Amino acid sequence: VTGRYGPGIAPSISRLIQELNKLPGIGPKSAQRLTYHIIRLPEQEVRVLAEALLSVKKDTLFCSRCQNISDQDPCEICSNPERTTTQICVVEEPLDVLTIERTGCYRGLYHVLHGVISPINGVGPEDIRIRELLRRLKSEDVKEVILATNPTLEGESTAMYIRRQLTSFNVKLTHLARGLPVGGDLEYADETTLSRAFQGRQEF
Amino acid sequence: MDSVNQAQVLESYAPLKADLDMVSHGIYVSELLDSFGVEGSANLTLYDLTCEALRLLGRKETNKGLLLRYFELQTLKLSGFLPELHVCVVCRNRPAVEMTFFSPDGGGLVCGDCRPEGMRLLPLVSGTVEMLRFLETTEPTHAARFSTSAEVQVQLKAVLAATVRYWLDREMRSAAFLDTARDALSQPSEGTDHA
């Protein structure tokens, strides 16, 4: 560890920079800034931060039903009797659940895949939680599966793979509408987005 | 560091993205390009070839397997790794068609008389050498329309996959997904017994 971030840097500082640098979106410069910020904090605040980091790992688990990260099993959403249990919205990541929940327009359950099929990065269907989704469909009374993967190549490939896997289940399969974003401009829309917006046009 | 200020979609290959099997083939082409392309070194011929391959993969009538073999061979050629397909890499004589082997490590064809100790050799059936030579010189549209026996297709896949693996020193990651996508389309899903 010593010397990686310069000969004058103490091994403990270098180690923290290195660990922070492993986090998504944190480059070497940001890792250095965060490290020196932490050094300047009062010891009590650093202790609270360290305890929070340990606690988030120790006190969270995957909901056995929807695979979302939670502090209880089943999670709050899955155990809420007011949710519609016959609808499952399939999302890529736990953060997608939060985003959809913020809209307040969906009252069904979720299924979190924890990734997407990305062959170039070596991620296949067996590496994400598709098997768990199929198991749910066998054991639960589900009427509709809403595919809410991102409209990227990987997200669409994952959706197409799931669609194929669900052909023999007696469920309605839908996916989120594709088209123009609110506040967007036709001039800047690419041809695929625009053609999908036309395909999905609604009576006004 | 370069800075990208603007991006524009020149061609979205929409038909390619509408089907899992086509997508898996397109991803394979992209990974091959990414693996053999050299950063900071423009290769316009390889770029044009990739665009053409992606366009042809989006057509229902395309022989997608043979087009992938064509793209593999042409990518090797344009990257300077074309295997020797005309003479034996050991004795430099033209091998008899019925006694021809292929050595990914040796760099091409090996005749039945040579077969050096320790060299990994793939025996070739009649028609495979001719197909390799055809794919070396033909146009992508011809390769996409051509058909050949299943046995030759299997051999072409093995020969070119071994050559690609030799030069990359790793497996193509998207190759496994090609098989997964094909299986997903041909086999009943887990829910069959439930429905």
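Author: Start with B:Leu44, which sits in helix α2 (residues 44-57) of chain B. The model is predicted.

Reader: Why is B:Leu44 called exposed?

Author: Exposed means over 50% relative accessible area. B:Leu44 has 61% relative accessibility, so the label holds.

Reader: What makes the nonpolar surface patch?

Author: B:Leu10, B:Leu44 and B:Tyr47 make the patch, about 370 Å² of it. A patch residue needs over 30% relative accessible area. B:Leu44, at 61%, passes that cut-off.

Reader: Now chain A. What makes β4 and β6 of chain A edge strands?

Author: The open sheet has 4 strands in the order β4-β3-β5-β6 (chain A), with parallel pairing. β4 (108-112) and β6 (172-175) of chain A each pair on one side only. Neighbouring strands in this sheet are turned by 25° against each other on average, direction ignored.

Reader: How do you know that strands β3 and β5 of chain A pair?

Author: Pairing takes at least two bridges. Strand β3 (residues 84-91) and strand β5 (residues 144-147) of chain A have 4 bridges, in the parallel sense. One pair of partners is A:Cys89 with A:Ile146 in β5(A).

Reader: Which strands does helix α5 of chain A touch?

Author: Helix α5 (residues 130-139) of chain A packs on the sheet and touches β3, β4 and β5 of chain A. Its direction makes about 145° with that of β4(A). Helix α4 (residues 94-103) of chain A lies across β3 and β4 of chain A, at about 155° to β4(A).

Reader: What makes A:Arg83 and A:Glu101 a salt bridge?

Author: The cut-off is 4 Å from side-chain nitrogen to carboxyl oxygen. A:Arg83 and A:Glu101 meet at 2.8 Å, N to O. A:Arg83 lies in the loop between β2 (69-70) and β3 of chain A, and A:Glu101 in helix α4 of chain A, so the pair ties together parts that are 18 residues apart in sequence.

Reader: Are these two partners buried or exposed?

Author: Buried means under 20%. A:Arg83 has 6% relative accessibility, so A:Arg83 counts as buried. A:Glu101 has a relative accessible area of 27%, so A:Glu101 is partly exposed.

Reader: Why is A:Asp141 called exposed, and why is A:Lys143 called partly exposed?

Author: The line between the two labels is 50%. A:Asp141 has 51% relative accessibility, so A:Asp141 counts as exposed. A:Lys143 has 48%, so A:Lys143 counts as partly exposed. Their side chains meet in a salt bridge at 3.0 Å, N to O.

Reader: How do you know that B:Asp179 and B:Lys157 form a salt bridge?

Author: The N to O distance is 3.7 Å, and the cut-off is 4 Å. B:Asp179 lies in helix α7 (residues 173-186) of chain B and B:Lys157 in helix α6 (residues 150-168) of chain B, so the pair ties together parts that are 22 residues apart in sequence. B:Asp179 has 27% relative accessibility and counts as partly exposed. B:Lys157 is partly exposed too, with 37%.

Reader: Why are β2 and β3 of chain B at the edges?

Author: The open sheet of 3 strands has the order β2-β1-β3 (chain B), paired antiparallel. β2 (108-111) and β3 (122-123) of chain B each have a single partner strand, so one side of each is left without a neighbour in the sheet.

Reader: How do you know that strand β1 of chain B pairs with β3(B)?

Author: Strand β1 (residues 100-103) of chain B is joined to β3(B) by 2 bridges, and pairing takes at least two. B:Phe101 has B:Pro123 as bridge partner in β3(B). In β2(B), the bridge partner of B:Phe101 is B:Val110.

Reader: What lies between β1(B) and β2(B)?

Author: The two strands form a hairpin with 4 residues between them. B:Gly107 in the turn has a positive phi of about 95°. β1(B) and β2(B) pair over 4 bridges, in the antiparallel sense.

Conventions:
Residues are numbered from 1 along each chain as its sequence is written. Chains are lettered from A and ligands numbered from 1 in the order in which they are written. This is a predicted model: local features need pLDDT of at least 70, side-chain atom pairs count only at pLDDT 80 or more; totals for chains, interfaces and linings use all residues. Side-chain values use heavy atoms; hydrogens and water are left out. Patches are made of residues with over 30% relative accessible area and no salt bridge: like charges are joined within 9 Å, nonpolar side chains (Val, Leu, Ile, Met, Phe, Trp, Tyr) within 5 Å. Accessible areas come from the Shrake-Rupley method with a 1.4 Å probe; for residues, only the protein chains shown count as cover. Buried means under 20% relative accessible area, exposed over 50%, partly exposed in between (1.4 Å probe, protein chains only). Axes are lines fitted to C-alpha atoms, for helices over the stretch in contact, and angles run from 0 to 180 degrees between N-to-C directions. Contact means heavy atoms within 4.5 Å.
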